[in-house]
Structures are given as C-alpha cells and as structure tokens.
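Subject: Handing over a structure, with notes

Dear colleague,

Please keep it open while you read.

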Amino acid sequence: MKGIIKIAVAVATLIGFSVSCTRDIIIPDVNDAPEGYRTIEFVAQVPDMNQVQTKAVDPDGGGVQNMTIFCFDANSLFITTVNVTDIIRDEIVAGNASMGGKFKVNIPDHSEYLQLVGNQNLQYFNEDDYRGMSEVEVMSALEASAGRMIYWARKTVDELKGHNTASNPVLLTRNQAKFTLEVASGVPFVQNGWIVVNTNAYG
C-alpha cells in the first residue's frame with residue numbers, strides 16, 4: 001500500500017511539474033501588470049511605403065509614431081484604450097525601423113478583441129462617451145489628422161500569440177490605399193479619364 005501511495009505522489013508531482021512548465025508565449029514569466037490587467041507583447045510592421053504614392057503625407061507622418069490599443073470584451077463592447085509606451089524598434093527584419101517594432105502593453109484581463117491604431121489623435125476622444133458601445137460605433141467615430149498616416153489592425157488576444165516575432169508581424173493597414181485596374185485580355189475597355197476625390201482632414 002505504501003508503494004502505491006509513493007507512486008501516486010510521484011505521478012502527481014510530475015503532472016504538476018508539466019503543468020507549471022506550460023505558459024502563454026505572449027505573457028512573460030514575470031507579469032508586472034497591475035491587478036486586473038495582463039501583459040501582451042506583439043510585433044507589428046507596416047508594408048513598404050512604395051505601395052502608396054502620395055505627396056500629401058508630412059515627413060513626420062510616415063512611421064508609427066505611437067500606438068493605441070482599443071480594448072473590447074467578448075461581446076465586442078468597448079472597455080478602454082491603453083497607450084503603448086514600450087516599443088522596441090530593432091525587432092523588424094528589414095526596412096525603416098520607424099515602420100514597425102515590438103510593442104508591449106498591459107490590457108484589461110477581460111479584453112477579447114483589440115483594435116491596434118497607430119498615430120491616431122485622441123485629443124477629442126472621451127472614453128466615457130463610448131463606454132459599452134460596439135466596435136463599429138467606436139472605431140467609425142475616429143477621424144484622421146491631415147497629413148498623418150493612420151495604421152490599423154484588428155486582432156483577438158489569442159491571435160496575437162502568433163505575431164510575437166519579427167518573422168511573423170501583424171501587418172498594419174494604412175488609411176490610404178493604392179488602386180490597380182487590370183483589364184482581361186479581349187475585354188473592350190476605354191479609359192475616358194480619372195477623377196480623384198480627396199478630403200485631407202478626414203479618413
């Protein structure tokens with residue numbers, strides 16, 4: 001009987017050890033987040049600027065100057081925003097370091113959906129006015145500043161687990177786009193001209 005008890009204790013110890021060695025790869029061994037928060041860490045990168053040909057961007061508006069995380073719960077309802085203060089620029093494999101980096105931030109532990117927004121001016125954004133609103137209501141209310149690129153991505157907390165290395169960054173989308181028209185061979189097509197519509201202050 002003593003032998004069986006010893007074996008059971010040994011098995012329990014091994015199970016406990018194996019469980020204790022399992023951890024979420026985006027949460028550090030020492031989680032220094034305040035109570036009610038958890039730490040996330042991810043790498044993000046903006047595709048090469050040559051995908052957008054424009055003269056309407058200020059010289060200081062090209063890179064990711066700042067990053068704000070809009071946090072939503074499991075029902076896609078707004079919780080809060082958190083500003084990323086810990087940015088490591090040398091995590092990008094190639095290109096301009098200002099176009100991405102490794103971002104580390106503490107978010108509320110009941111966050112499920114994250115809107116990653118770079119360079120957004122939140123001077124007139126009052127969180128209390130949007131508390132409990134849906135993602136669509138919150139994000140569609142944002143306006144871009146003139147001449148400043150806005151970068152964006154939407155991820156769940158779990159999806160960010162696969163984006164914590166420079167080889168697989170979160171690809172951020174610009175608020176400006178490149179359009180390409182391809183006409184299939186044999187299809188009649190006549191180009192009468194182009195009309196460009198531009199509102200510099202909003203987007």
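In what follows, buried means a relative accessible area under 20%, exposed means over 50%, and partly exposed is what lies in between, as computed with a 1.4 Å probe on protein chains only. This is a predicted model, in which local features need a pLDDT of at least 70 and side-chain atom pairs count only at pLDDT 80 or more, while totals for chains, interfaces and linings use all residues. Residues are numbered from 1 along each chain as its sequence is written, and side-chain values use heavy atoms, with hydrogens and water left out.

I begin with the charged pairs. Side chains of opposite charge can pair when their charged atoms come close. A search of the whole structure finds five salt bridges, a salt bridge being a side-chain nitrogen of Lys or Arg within 4 Å of a carboxyl oxygen of Asp or Glu. One of them joins glutamate 127, which is buried at 18% relative accessible area, to arginine 131, which is partly exposed at 40%, with 3.0 Å from N to O. These two residues also belong, with Asp128, to a network of salt bridges.

Another salt bridge pairs glutamate 41 with lysine 102, whose closest N and O atoms are 3.7 Å apart. Glutamate 41 lies in strand β1 (residues 37-45) and lysine 102 in strand β5 (residues 100-108), so this pair ties together parts that are 61 residues apart in sequence; strands here are DSSP runs of E with at least two residues, numbered from the N terminus. Glutamate 41 is partly exposed at 22%, whereas lysine 102, at 15%, counts as buried.

Lysine 161 and aspartate 158 also meet in a salt bridge, at 3.3 Å from N to O; lysine 161 is partly exposed at 29%, and aspartate 158 is partly exposed at 47%.

Kind regards

Conventions: Helices (H or I, at least four residues) and strands (E, at least two) are DSSP runs, numbered from the N terminus.
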